[in-house]
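I wanted a record of what I looked up in this structure. The entries below are in the order in which I made them.

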Amino acid sequence: MRPATRMQTIGTESAFEVSARARALEATGRSIIHLQIGEPDFDTPANVREAAKRALDEGATHYAPFPGIPQLREAIAEDATARKGFPVTPDRVFVTVGGKGVMLYAILGLIDPGDEAIVPDPGYPIYESLVRFVGGTPVPIPIRMENDFRLDVDELAALITPKTRMIVINSPANPTGGVLTRGDLERIAELARRHDLVVLADEIYGRILYDGEEHVSIASLPGMAERTIVLDGFSKTFAMTGWRLGYAIVPEWLVQTYGQLVINTISCAPTFAQVGAVEALRGPQDDVDAMVVEFRARRDLIVDGLNAIPGIRCLRPTGAFYAFPDISGTGLTGAELAERLLQEAGVCVLSGTAFGGVGRDHVRISYANSRENLAEALRRIAAFVDELPDVPSSEVAAGASR
Ligand SMILES: Cc1ncc(COP(=O)(O)O)c(C=O)c1O
């Protein structure tokens, strides 16, 4: 017996595999600091948990309508209209199992064999994996540190061919924390209109922004709501990764397709969890605000700490909760450094190549961890790098490396 041939084309998200390895090491008594996981370390706000518990007791244990419960679709439509800057009606909203569900349906529903989809490199690995899985061709657009981890729109224009069907953008971005400017989005929108392309806009980190950065949804730009699938969800904003709730805002012409895909896969997202999500959107937002303030402080701690280590250069990202330092000055690749930090220093990070080939000289560090743990991780990384033969000792190089 054997798996279907198409399974040879599917990729993975190595954060899950690396986490399993780190936990196995921990089980042998090793101390490991986990900086590999892309999820807030905070608990889901208490009011949201209470709402879901009440919903369970009040009988929200049955199937929901396939696109989501009406109260949640309305709450999402209102929230998105206010925050994303374009009119969203509940009939365009689909509640899915995680933001990942949105991705799956967008790619299944839109990419034919032979179609090309432009995906960020480095970028969230599932875009590429799913495009390949459905027989499409992922075309990587390099995202470089020299360009503040924003894609270069001229380079994007040059990648568009008659086979291009979709552009995937993710701002703020995983794994870089990069944020596209309004100007970038206007130019991407212009390309999408000119070449009749669909945009999958992954805005799951849209509320995790720092330093006065504004969230701009490409769907709010002229003519774009009709060619954009907005991906958002509850995992990151409300620390609800385990609830598995995301949502899509789709153009009218995709509503039927989305519905068919939801019915054929999940039937609906969990009903009582959706009741909790209504409270997340309609209830007080203080916990979200406090979380972002704390992430900002941690960002500064990790970025300053990394830049003080010889051989490591780190940009100060203005969104999400990841740092993506260039570690080429250590003489190691991102994959080598990630492996050795795990085995020799007890710090778990991801290789930049987990997100595409352009990330070869980088590692991804999630700073969704306590300041105490981040400080200890920095100490361990500095001590490890200090021992490397290619790196000048920190006393000599500390000043010069910044
Ligand atoms: C860029 C990006 N999009 C989507 C997701 C998926 O989110 P969810 O957990 O809601 O499926 C993630 C999760 O890490 C992500 O980083």
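This is a predicted model: local features need pLDDT of at least 70, side-chain atom pairs count only at pLDDT 80 or more; totals for chains, interfaces and linings use all residues.

Entry 1, Thr330. I looked up threonine 330 and found it buried, at a relative accessible area of 2%. Buried here means under 20% relative accessible area, exposed means over 50%, and partly exposed lies in between (1.4 Å probe, protein chains only). Threonine 330 sits in the loop between strand 10 and helix 11 (334-345). Helices (H or I, at least four residues) and strands (E, at least two) are DSSP runs, numbered from the N terminus. A polar atom of the threonine 330 side chain lies 2.7 Å from the backbone oxygen of isoleucine 327. A polar contact is a pair of N or O atoms within 3.5 Å; within protein, one must be able to donate a hydrogen and the other to accept it, and residues adjacent in sequence count only if both atoms are side-chain atoms. Not counting residues up to four places away in sequence, I listed Gly311, Ile312, Val385, Leu388, Asp390 and Val391 as touching threonine 330. Contact means heavy atoms within 4.5 Å.

Residues are numbered from 1 along each chain as its sequence is written, and side-chain values use heavy atoms, with hydrogens and water left out.

I placed aspartate 184 in helix 7 (residues 182-195). Aspartate 184 counts as buried because its relative accessibility is 6%. A polar atom of the aspartate 184 side chain lies 2.9 Å from the backbone nitrogen of threonine 181. Leaving aside neighbours within four places in sequence, I found aspartate 184 in contact with Arg150 and Val153.

In what order do the eight strands of the open sheet run? I read the order as 2-9-8-7-6-3-4-5, with mixed pairing. Two strands pair if DSSP finds at least two bridges between them. Strand 2 (93-96) and strand 5 (150-151) are the edge strands, each pairing on one side only.

I then followed strand 8 (residues 228-233), where six of six residues are buried. Thr228, Val230 and Asp232 point one way from strand 8, and Ile229, Leu231 and Gly233 point the other way. Strand 8 pairs with strand 7 (residues 198-202) in the parallel sense over four bridges, and valine 199 stands opposite threonine 228. Strand 8 is also joined to strand 9 (residues 246-249) by four bridges, and these two run antiparallel. There, leucine 231 stands opposite alanine 248.

Elsewhere in the sheet I checked strand 3 (residues 116-121) and strand 6 (residues 164-170), which pair in the parallel sense over three bridges. The bridge partner of glutamate 116 in strand 6 is threonine 164.

I read an open sheet in the order 10-13-12, with antiparallel pairing. Its edge strands are strand 10 (322-323) and strand 12 (350-351). Strand 12 pairs with strand 13 (residues 363-366) over two bridges, and leucine 350 stands opposite arginine 364.

I noted about 560 Å³ of space in the largest pocket. Of its 31 lining residues, Glu13, Phe16, Gly38, Tyr124 and Lys236 are the closest to its centre. On a 1 Å grid over the protein atoms alone, a pocket is an open set of points with protein on both sides within 12 Å along at least five of seven lines, a cavity is a set where a 1.4 Å probe fits but cannot get out, and lining residues have an atom within 4 Å of a point. Grid points are joined across faces, edges and corners, and a volume is the space filled by probe spheres set on the points. Helix 1 gives the largest share of the pocket lining, five residues.

Entry 7, cavities. How many cavities of 30 Å³ or more are there? I counted three. The largest cavity has a volume of about 130 Å³. Of the 18 residues lining it, Pro120, Ile143, Phe149, Asn170 and Ala173 are the closest to its centre. Strand 6 gives the most to this lining, with three residues.
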